[in-house]
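Hi there,

Here is the structure I promised to pass on. Please have a look at it first, and then read my notes below.

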Amino acid sequence: MGVRLFKHIAIAATLLLGAPGAASADDAPETRDWAVMVFAGQFVDNDFDELINPAAIEGEDAGLAGVALSRKIAEPFEGLDIELEGQIVRHFGDQDHWEVNAPVVARWTAFPWDDAVDTSAAFGLGVSLASEEPALEREIEGETQRVLAYWTAEIEVGPPDSDWSVVGRVHHRSTAFGLFGDEGGSNALALGLRRRF
């Protein structure tokens, strides 16, 4: 399932984003405020704190694929960007529904090795709306809600002076310590391809 899924994501990325090209001096990535990303992932039967141990990760028979559009809205100081992001996500496997997420993302962009591998680390927090109560969340948690808190943590890497990058991220829905209800939530590990423009 994984190889076929990533083949579809690669085709979608090519169709959505066009053929990759070298950025000119006038189009350097640091001057580009918009980005689009296609991504796919697999749900795991683990709490967030267990994800730091790869040997403990247990996959579920459920996946997701999506598109995210983001825009940089502020730079409070050099190295920290604030972005707004909107996502449309399709679920498949043990759950079959749509999801829309809208996080505010804080992105750290200043790493000492950026001249060799351009790197950023980001954390986003917002709201998630599912088109129906997610079946996997009901199975794992006992109950869930269509509207939950959403957060994401990611690492992005790419060639210096390129519009393109690869993203690894955690896709997380939760009750936000009871703010959105008593039970519900899920974790997925996702891989994406991003282009800045």
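**The nonpolar core**

The largest nonpolar core has 11 residues: M37, F39, F43, A62, L64, A68, V89, L136, V167, A188 and A190. A nonpolar core here is a set of buried Ala, Val, Leu, Ile, Met, Phe, Trp, Tyr and Cys residues joined through side-chain atoms within 4.5 Å. Two or more of the core residues come from each of β1 (34–44), β2 (59–77) and β8 (185–196). Helices (H or I, at least four residues) and strands (E, at least two) are DSSP runs, numbered from the N terminus. Beyond its neighbours within four places in sequence, A62 is in contact (heavy atoms within 4.5 Å) with Q42, F43, F92, G93, D94, Q95 and L136.

Before going further, a word on the source: this is a predicted model, in which local features need pLDDT of at least 70, side-chain atom pairs count only at pLDDT 80 or more, and totals for chains, interfaces and linings use all residues. Residues are numbered from 1 along each chain as its sequence is written, and side-chain values use heavy atoms, with hydrogens and water left out.

**Salt bridges**

You will find 14 salt bridges in the structure, each one a side-chain nitrogen of Lys or Arg within 4 Å of a carboxyl oxygen of Asp or Glu. For burial I use relative accessible area: buried is under 20%, exposed over 50%, and partly exposed in between (1.4 Å probe, protein chains only).

One of the bridges joins R173 and E137, at 2.7 Å from N to O. R173 is in strand β7 (residues 164–174) and E137 in helix α2 (residues 135–141), so this bridge ties together parts that are 36 residues apart in sequence. R173 is buried at 1% relative accessibility, and E137 is buried at 1% as well.

Another bridge joins E83 and R107, with an N to O distance of 2.8 Å. It links distant parts of the chain, E83 in strand β3 (residues 80–93) and R107 in strand β4 (residues 98–108), 24 residues apart. Both of these residues are buried. They also belong to a network of salt bridges that links E83, E85, R107, E154, E156, R169, R194 and R196.

E75 and K72 meet in a salt bridge too, at 3.1 Å from N to O. Here E75 is partly exposed at 43%, while K72 is buried at 16%.

**Aromatic pairs**

There are four aromatic pairs. Rings of Phe, Tyr and Trp (its six-membered ring) pair if their centres lie within 6.5 Å; planes under 30 degrees apart count as stacked, over 60 as edge-to-face and the rest as tilted. W34 and F197 are stacked, 6.4 Å centre to centre with 20° between the planes. W34 lies in strand β1 and F197 in the segment after β8, so the pair ties together parts that are 163 residues apart in sequence. W34 is partly exposed at 35%, and F197 is partly exposed at 43%. F111 and W113 form a tilted pair, 5.1 Å centre to centre with 35° between the planes. F111 is partly exposed at 21%, and W113 is partly exposed at 45%.

Do have a look at these in the viewer, and write back with any thoughts.

Best wishes
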